[in-house]
Amino acid sequence: MRFSRGRLAAARANRSRRLTDSAAVRRRRAIAGLALLVVGLGCLAFGIAAGRADPPAAVQLAPEGVTEVPATHFYENPWVLYGQVDDPRRPPSAADVGCLPETGLQLPEQPEDLTIYGARVVDGVSIAAIALYGRSGDGASVRCTDASDYAPLWLIPSSDARPFTATGIAILGILLLVAAALVHPATSELSAQRWAAGRSRRRSRR
């Protein structure tokens with residue numbers, strides 16, 4: 001009798017412990033699922049908004065003074081400085097022209113052949129690539145000093161292709177939403193119910 005009571009008490013204790021552990025696991029899964037859901041929705045919304053953003057517009061530089069340059073944001077393509085030159089195959093350097101980044105803009109190592117960026121015609125004037133600038137951040141600007149011989153001077157994005165970064169963030173958001181659905185305890189319970197129902201049907205057929 002004592003042995004039976006002991007076994008019954010142990011069984012009750014084990015069942016209570018399993019229920020407690022199951023509730024703790026369910027609670028942790030619910031919290032993790034909610035966190036993934038919030039982050040996933042944020043990434044998806046941010047990626048869609050960034051993908052719909054317009055590329056930065058071309059900027060005409062003043063031959064004398066400082067000109068503000070818009071931020072490229074997710075558009076990773078750098079800026080190209082265009083101006084009038086005698087020979088597009090041998091353009092002067094940005095320093096020779098007199099236009100150098102002031103703030104928020106870098107002057108990277110220049111490619112050997114700038115003709116790959118082509119030429120432009122602005123207001124009937126043909127301009128060619130002179131220098132390659134980097135991406136611009138907030139508050140970027142370029143200072144030109146005595147650059148009138150090369151005017152008109154324009155900063156033009158090297159490409160207006162949609163940024164892959166924004167698309168990548170949107171895809172990450174979708175993956176996080178899928179993970180949130182898989183982690184949530186309701187999904188696990190539904191899967192367990194479907195598995196049990198399928199097993200029951202298989203037994204009944206036998």
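Predicted model: local features only at pLDDT ≥ 70, side-chain atom pairs only at ≥ 80, totals over all residues.
Q: How many bridges join S3 to S6?
A: Four, and S3 and S6 run antiparallel. Two strands pair if DSSP finds at least two bridges between them.

Q: And what is the strand order in the open sheet of five strands?
A: The order is S1-S8-S3-S6-S5, with antiparallel pairing. The edge strands are S1 and S5 (119-122), and each pairs on one side only. From one strand to the next, the twist averages 35 degrees. Angles run from 0 to 180 degrees between N-to-C directions, with axes as lines fitted to C-alpha atoms, for helices over the stretch in contact.

Q: Zooming out, how many helices and strands are in the protein chain?
A: Four helices and eight strands. Along the sequence the pattern is α-β-β-β-α-β-β-β-β-β-α-α. These elements are DSSP runs numbered from the N terminus: helices are H or I with at least four residues, strands are E with at least two.

Q: What share of the residues is buried?
A: Buried residues make up 27% of the 206 in the protein chain. Buried means under 20% relative accessible area, exposed over 50%, and partly exposed in between (1.4 Å probe, protein chains only).

Q: Now the disulfides. How many does a search of the whole structure find?
A: One. The disulfide joins Cys-99 to Cys-144, with S to S at 2.1 Å. The cut-off is a pair of cysteine sulfur atoms within 2.5 Å. A disulfide is a covalent bond between the sulfur atoms of two cysteines.

Q: Which handedness does the link of Cys-99 and Cys-144 have, right-handed or left-handed?
A: Right-handed, with 115 degrees about the S-S bond. The pair links distant parts of the chain: Cys-99 sits in S4 and Cys-144 in S7, 45 residues apart.

Q: Are Cys-99 and Cys-144 buried or exposed?
A: Both are buried.

Q: And why does Cys-43 count as buried?
A: Because Cys-43 has 16% relative accessibility.

Q: On to the core. Which residues in the largest nonpolar core touch the most other members?
A: Leu-61, Leu-81, Cys-99, Tyr-133, Val-142, Leu-153 and Leu-155, out of 18 residues in that core. The elements giving two or more residues to this core include S1 (59-61), S3, H2 (94-97) and S8 (153-157). S7 gives the most, with three residues. A nonpolar core is a set of buried Ala, Val, Leu, Ile, Met, Phe, Trp, Tyr and Cys residues joined through side-chain atoms within 4.5 Å.

Q: What does Leu-153 touch?
A: Not counting residues up to four places away in sequence, its contacts include Val-59, Leu-61, Leu-81, Cys-99, Ile-130 and Cys-144. Contact means heavy atoms within 4.5 Å. A second, separate core of nine residues includes Val-122, Ala-129, Trp-154 and Ile-156.

Q: Last one: where is Thr-72?
A: In the loop between S2 (65-69) and S3 (79-83). Thr-72 counts as buried because its relative accessibility is 2%. Not counting residues up to four places away in sequence, Thr-72 touches Pro-56, Asn-77, Trp-79, Arg-135 and Ser-136.

Key. Residues numbered from 1 in each chain as written. Heavy atoms only, no water.
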